[in-house]
Amino acid sequence: CIACHKRDDYGGPSKALLPHLKSTQAGLGDHAGIPPELTGAGAKLKAAWMHKALFDGESSRPYMLTRMPGFGESNLGFLPGLLAAADVMEPVAFPEPGRRERGSIRSAGHKLVGDKGLNCVACHVFKGKAAPGFQGMDLLSAYERLQPSWFYRFMLDPAKYRPGIVMPNYWADGKGTRAEILDGDADAQVRAIWHYLSYGQGAPMPSGIQNPGTNLEVG
């Protein structure tokens, strides 16, 4: 694995291999072509997603042209469990919103993702629809792939977990740049985005996505 993936201070692609790790989204930096680090992978990824990535050929980075070989579940079926046991992260509570709160929390997350909020859709695909700029990972894959505690920590400090990432920090000093949404509370905003993404394909389209929609003409 460490011929292509780095884990802690071990491995990673050699200089001779780097020119062959190509991407359709060079503007995303090295992360667009170099396979993701395995540091903390067990705390980052859900077991079901690791299974899909290892044995079903699933990929969340279609812009990365290098593909991982299939080693077979009979050979590596134990690996997701070992990574989860090796990488333990202190959990962050994500309480399920009450019935009365769900609508407002989902609406806040919906707004934050769109161009009236943090404008995540400027650089991320959403539900298969292209972004106007970079074509970063589809936002809707986050809930399926990521552990909520890792998502929470990553959102508050992206560069700590992926040095060199082009994604900015929207919650410097624990205060959101969009103070009018949930009073700018960082915890509340990150949880709202997670709750919104949890709706999967049922999540309403955020503002800023180019969607032709359906027109009903009365004649």
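This note goes through the fold, the cores, the pockets and a few single residues of the structure above.

1. Basis. The model is predicted, so that local features need pLDDT of at least 70 and side-chain atom pairs count only at pLDDT 80 or more, while totals for chains, interfaces and linings use all residues. Residues are numbered from 1 along each chain as its sequence is written, and side-chain values use heavy atoms, with hydrogens and water left out.

2. Overall fold. The chain holds nine helices and two strands, where helices (H or I, at least four residues) and strands (E, at least two) are DSSP runs numbered from the N terminus. Read from the N terminus, the order of the elements is β-β-α-α-α-α-α-α-α-α-α. The C-alpha trace spans about 60 × 45 × 35 Å along its principal axes.

3. Of the 219 residues in the chain, 35% are buried, where buried means under 20% relative accessible area, exposed means over 50%, and partly exposed lies in between (1.4 Å probe, protein chains only). Among the contacts (heavy atoms within 4.5 Å) with a separation of 6 or more, 62% join residues 24 or more positions apart.

4. The largest nonpolar core. A nonpolar core is a set of buried Ala, Val, Leu, Ile, Met, Phe, Trp, Tyr and Cys residues joined through side-chain atoms within 4.5 Å. The largest one has 38 residues, of which Phe126, Phe151, Trp171, Ile193 and Leu197 touch the most other members. At least two residues of this core come from each of H2, H4, helix H5 (99–113), H7 and H9, and H9 supplies the largest share, seven residues. Leaving out residues up to four places away in sequence, Ile193 touches Gly109, Leu112, Val113, Leu118, Phe151, Met155 and Trp171. Another core, of five residues, lies apart from it and includes Leu28, Ala32, Tyr63 and Met137. In soluble globular proteins, nonpolar side chains tend to be buried together.

5. Just after H2, Gly57 takes a positive phi of about 75 degrees. The largest pocket has a volume of about 850 Å³. On a 1 Å grid over the protein atoms alone, a pocket is an open set of points where a 1.4 Å probe fits, with protein on both sides within 12 Å along at least five of seven lines, and lining residues have an atom within 4 Å of a point. Grid points are joined across faces, edges and corners, and a volume is the space filled by probe spheres set on the points. Its lining has 33 residues, of which His5, Pro36, Leu38, Ala53 and Met68 lie nearest the centre of the pocket. H2 gives the most to this lining, with four residues.

6. The second largest pocket. This pocket has a volume of about 630 Å³ and is lined by 32 residues, of which His124, Met137, Phe154, Ile165 and Met167 lie nearest its centre. The elements that give two or more residues to its lining are H6, helix H7 (148–156) and helix H9 (186–197), and H7 gives the most, with four.

7. Ala142. This residue lies in helix H6 and counts as buried because its relative accessibility is 9%. Leaving out residues up to four places away in sequence, Ala142 touches Trp194 and Leu197.

8. Leu182 and Asp183. Most residues other than glycine have a negative phi. Leu182, although not a glycine, has a positive phi of about 50 degrees, and phi of Asp183 is also positive, near 60 degrees. Leu182 is placed in the loop between helix H8 (158–161) and H9, and Asp183 is found in the loop between H8 and H9. Leu182 is partly exposed, with a relative accessible area of 33%, whereas Asp183 is exposed, at 64%.
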